[in-house]
Amino acid sequence: MPTPFRDALNSGKFMITAEIGPPKGVNLDEMTNNIDLLKDKVDALNVTDNQSSAMRYPSLGGCLLIKERGGEAVLQMTCRDRNRLALQSDLLFAYSRGIKNVLCLTGDSITVGDHKQAKGVFDLDSVQLLKTIRTLQSGKDLGGNDLNGAPEFCAGAVITPEAHPIEPQLHKFKKKVDAGAEFFQTQAVYDINNLKNFMKYARQFKVKIMAGMVLLTGAKMAQYMNANVPGIFVPQPLIDELAGAEKGKALQKGIEIAGRAIKTLKDENICDGVHIMAIGREKLVVDILAAAGL
Amino acid sequence: MVDVFEPKVVAFCCHYCAYSAADLAGSMRLEYAPNVRVVKLMCTGRVDIIHLLKAFEDGADAVYVAGCEEGACHFLEGNLRAKQKVAIAKRLLKEMGLEPERLEMFHISASNAPLFAKAANEMTERARKLGPNPLKREIVKAT
Amino acid sequence: MIVGERKPFDEIKDKIGQFKKVLILGCGTCVSVCMAGGEKEVEILASELRVANKLAGKDVEIGQATIKRQCDREFIEPVVENAREYDAILSMACGAGVQLVSDVVAPVPIIPALNTDFIGITESEGVWVERCRACGNCLLAETGGVCPVTRCAKGLLNGPCGGTNNGKCEVSPEKDCAWTLIYQRLDKQGRLDLFDKYNPPRNHQAVVTPGRVTKS
């Protein structure tokens with residue numbers, strides 16, 4: 001079953017995807033503007049699912065809006081908020097409305113979010129969710145019952161190339177491939193050598209890998225991420241470069257760094273594309289792409 | 001006729017250090033408050049929280065545990081355990097409505113007679129300032 | 001064993017406030033080990049209540065007793081007659097013991113003095129940690145003896161998640177990442193094939209609430 005996203009993946013082109021963060025409320029103006037701004041500049045737009053365990057307008061709603069505006073959407077689905085029945089129902093609904101690309105995630109813990117007493121569901125994990133999608137495709141649900149009409153999806157997952165220790169991640173990567181993942185969007189990578197090492201392992205599998213990129217707005221942000229975000233390692237030279245930028249030009253420097261990284265990935269054919277995460281600053285994606293010469 | 005309040009202070013002292021210091025204070029003719037009743041143990045590790053609470057239930061105005069200096073306990077860690085128990089007992093005293101300042105832990109080496117005297121005086125003064133054990137007022141009220 | 005903690009003193013005091021004669025009943029098994037409701041703790045609580053009541057000018061008779069455990073009728077029976085002489089029983093057992101005593105000594109009201117927290121082990125002196133969720137479907141053979149249901153913050157069966165950080169969990173830097181532990185354990189055992197095995201979704205109805213086990 002072709003989808004524009006799957007076709008792009010299979011064409012061998014350098015993939016570009018970005019993220020749209022839904023609002024906390026029903027005012028969809030900003031989200032609509034961001035979608036319009038980016039829809040023709042990327043191969044697909046992910047919509048996050050209650051990102052960082054903060055309650056937001058649903059990912060599925062965001063994807064429908066993208067489709068309405070003429071873009072290609074990737075539905076991000078976490079296992080934190082819904083049990084296996086709800087997840088399967090949502091998948092059926094998504095398919096029926098033409099949303100056929102899904103990124104399967106486990107989901108951040110409840111404790112990092114803004115509803116700290118909520119129950120974290122985690123009835124399934126990301127691997128089981130991938131398997132669930134393939135099960136639905138085969139015409140059955142997780143209870144073993146026959147479906148009246150089976151959906152089809154282009155399914156993907158996430159991996160952290162700079163995780164420490166790396167070995168469990170590599171095993172998990174294989175597990176996700178075996179469970180049916182056809183594409184991966186990675187956690188943000190800043191050290192190209194680490195990514196190259198990871199790709200050496202990953203290339204044995206027939207999957208497409210888009211390197212994640214989070215825009216660094218300054219040295220402080222880089223240091224914060226090093227200290228607090230698992231699997232992110234901004235190398236000292238980059239921190240120094242950001243710190244050395246002229247006053248008020250740190251953001252510009254960050255865009256330059258991101259652009260440079262993307263260009264390197266493309267020119268040296270290190271991986272199959274890039275996934276740009278600029279939540280809250282979606283407009284800057286355009287600048288980053290320009291800085292990369294794309 | 002008004003009785004001047006003379007605090008009743010109970011001191012749990014270990015044989016190897018605090019009690020030796022008490023003996024030495026005696027030989028040195030050091031003066032300290034006569035209000036202290038010494039309970040001698042081989043080691044302050046023997047003190048249980050319930051002993052401390054019972055002392056207050058029976059009318060003590062102040063209670064303290066005097067053991068060896070940290071690291072010098074004859075039985076290795078008895079004094080450290082006593083320190084922990086005193087800390088817990090202070091919390092319990094607060095819970096039940098008694099002042100935690102009435103209870104204290106001291107670490108006194110065998111040769112430190114002056115510190116033994118100081119502790120005795122300090123706890124007696126604390127009891128004097130805080131007034132009689134509130135339970136005793138209840139006992140008096142009842143009679 | 002079952003691990004619990006004594007409720008805050010004020011809460012206990014309030015809950016038994018209306019009674020004139022209270023029996024504090026301790027339990028000699030799990031809650032003795034975790035120093036929450038054994039004979040010693042009964043003595044301490046009795047002392048605290050006596051003092052607090054005296055200071056408040058309340059005249060309350062406090063009785064004390066500790067039985068081997070409160071989850072077996074045979075240990076409760078010998079104290080039933082005595083217990084029925086009281087207005088209320090303050091039980092220092094886990095929730096299970098509180099309920100059986102309540103059944104056996106009915107209609108005397110039972111007040112729990114503990115909050116029951118989890119099934120766990122003694123990690124070190126004075127430290128008890130959760131190890132078992134009583135899920136009814138033990139998969140410790142698959143995970144090298146490390147339980148992901150209790151020790152993984154998300155209870156994942158195919159971990160680790162992306163939040164794993166140098167062997168620690170994203171929820172707290174003091175918490176170990178269970179799946180990193182599982183990986184290391186299986187690696188040492190030369191059984192990484194178990195790590196690669198797909199674990200299907202959990203059976204959450206393995207033990208239907210309320211659980212019931214019979215021996216046939």
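Q: Which pair of chains shares the most contacts?
A: Of the two pairs of chains in contact, chains A and C share the most contacts. Two residues are in contact if their C-beta atoms, placed from the backbone, lie within 7 Å. This is a predicted model: local features need pLDDT of at least 70, side-chain atom pairs count only at pLDDT 80 or more, and totals for chains, interfaces and linings use all residues. Residues are numbered from 1 along each chain as its sequence is written, while chains are lettered from A and ligands numbered from 1 in the order in which they are written.

Q: How many residues of chain A and chain C are in contact, and which elements of chain A take part?
A: Here 29 residues of chain A contact 24 residues of chain C. On the chain A side, the elements giving two or more residues are α5 (126-137) and α6 (167-179). Helices (H or I, at least four residues) and strands (E, at least two) are DSSP runs, numbered from the N terminus. The largest share of that side, eight residues, comes from α6(A).

Q: Where do chain A and chain B stand relative to each other?
A: Chain A and chain B do not touch, and their nearest C-alpha atoms are 29 Å apart.

Q: What is a nonpolar core, and which residues have the most contacts inside the largest one?
A: A nonpolar core is a set of buried Ala, Val, Leu, Ile, Met, Phe, Trp, Tyr and Cys residues joined through C-beta atoms within 7 Å. A residue is buried if 20 or more other C-beta atoms lie within 10 Å of its own, exposed if 12 or fewer, and partly exposed in between, with C-beta atoms placed from the backbone. The largest core has 102 residues, and A:Leu45, A:Leu75 and A:Met213 have the most contacts inside it. Helix α10 (residues 250-267) of chain A gives the most to this core, with seven residues. A second, separate core of 83 residues includes B:Cys14, B:Leu52, C:Ala36 and C:Val51.

Q: What does the radius of gyration say about chain B?
A: The radius is taken over C-alpha atoms, and the globule rule is 2.2 Å times the number of residues to the power 0.38. Chain B has five helices and four strands, in the pattern β-α-β-α-β-α-β-α-α along the sequence. Its radius of gyration is 15 Å, close to the 15 Å that the rule gives for 143 residues, so chain B is as compact as a globular protein of that length. Of the 143 residues of chain B, 45% count as buried.
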